[in-house]
Amino acid sequence: MGDFKELTSDQIWKNLIENFFEDFMNFFAGDISQDIAFENGFERLDKELGEILLNSEGHDRRCDELLKVKMKSGNGKWVFVHLEIQGYRDENFAERMFEYYYRIRDRYHEKIYPLVIYTHEIVTNHPDHYKENFYKMSLIYKYPVYKIVKQKEADLMKQDNPFALVVLAGLYTLKTKKNQDERYRFKKELVKLLTEKKWEKEKIRDLFLYIDGIIKINGVERNEEIVEEFRERLKIGDEDMKLDWSTSNLAVEARKEGKLVGWSEGRVEGRVEGRAEGLNCAIVAIDLLKKNTDVETIAKMSGMPIEKINELKKSVL
């Protein structure tokens, strides 16, 4: 079997943006989203950005996302959306945001829309601008920010955008860092909210997988119950849902306990000794399968064995 790999929070966000880009922009950047021609998709420029942000000392100044999008007006003019998912305190963050701005602008000579999403639990020190003064020179670079820790649970529950549930999962994770019982209760409520949405079942399934990777709970039994409740609430079979043990946090917990968990007719059939690949390997594999990537490449990128990918391919495609 391939080595177990678990995606970071940043990688989960990247996958969410990839699969639900219009919902993402509508939720976090409603001012510009109304003017974006979403039917043209977007172009990721992460590789190019990595090259121009490498400073002279060789330190990697990583930018989370740089996306090229086309606007409705201005003869289809392109603009650049610079996204930062910031999960820790960084005293130099505002200055780095400004550096990103002028380097991107210098490279592409186009308008830039910056957006920062703070995902950490620190209530203070969420800078939204960079300021510099030198004699008679004054400079202020201000950028939009969204602070998950500042959001209100009741407000998020009222919204129909899927990212309201994603943010709610992040908020629950922050609130329950030291209380697994409370986190378990919150996660069950989140599954209930998700399955009550009038969205396509594939969209609900994909969101479940991502949310499952954000708000994690310990213990195979509890994860079994969460996944089983999700399946039961949608009242559809395993084949239709295209969901099995390897595409949920259940596999992560099973791997920790040295167990492999199987599904049969929508129920947990049993456990055998082994090592599970886990939720995040499967997320990567599913995303690549949808893009018609060859199995060998998927195996290298996800760490999953080819035979498992072929099994997944039968249910996904």
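In what sense do strand 5 and strand 6 pair, and over how many bridges? Select residues 129-134 and 137-142: strand 5 and strand 6 pair in the antiparallel sense over six bridges. Two strands count as paired if DSSP finds at least two bridges between them; strands (E, at least two residues) and helices (H or I, at least four residues) are DSSP runs, numbered from the N terminus.

The model is predicted, so local features need pLDDT of at least 70 and side-chain atom pairs pLDDT 80 or more, while totals for chains, interfaces and linings use all residues. Residues are numbered from 1 along each chain as its sequence is written, and side-chain values use heavy atoms, without hydrogens and water.

Stay on the hairpin that strand 5 and strand 6 form, with two residues between them. Tyr135 in the turn has a positive phi of about 55°. Asn133 stands opposite Ser138 in strand 6.

Next, show the open sheet, in which five strands follow the order 1-2-3-4-7 with mixed pairing. Strand 1 (42-44) and strand 7 (145-147) are at the edges with a single partner strand each, so one side of each has no neighbour in the sheet. From one strand to the next the twist averages 20°. Select Tyr118 to find its bridge partner in strand 7, Lys147.

Helix 2 (residues 21-28) lies across strands 1, 2, 3, 4 and 7, at about 85° to strand 4. Angles run from 0 to 180 degrees between N-to-C directions, with axes fitted to C-alpha atoms, for helices over the stretch in contact.

Move to helix 8 (residues 180-195) and helix 10 (residues 220-234), which pack at about 15° with their axes 9 Å apart. That makes helix 8 roughly parallel to helix 10 (angles under 35 degrees). Residues in the contact (heavy atoms within 4.5 Å) include Tyr184 and Val191 of helix 8 and Ile226 and Phe230 of helix 10.

Finish in helix 5 (residues 93-108), where Phe98 and Tyr102 are four residues apart and thus separated by about one helical turn. Their rings form an edge-to-face aromatic pair, 5.3 Å centre to centre and 65° between the planes. Ring centres of a pair lie within 6.5 Å, and planes over 60 degrees apart count as edge-to-face. A search of the whole structure finds 20 aromatic pairs.

Key: Parallel < 35°, antiparallel > 145°, perpendicular 65-115°, else oblique. Phe/Tyr/Trp six-rings, centres within 6.5 Å; stacked < 30°, edge-to-face > 60°.
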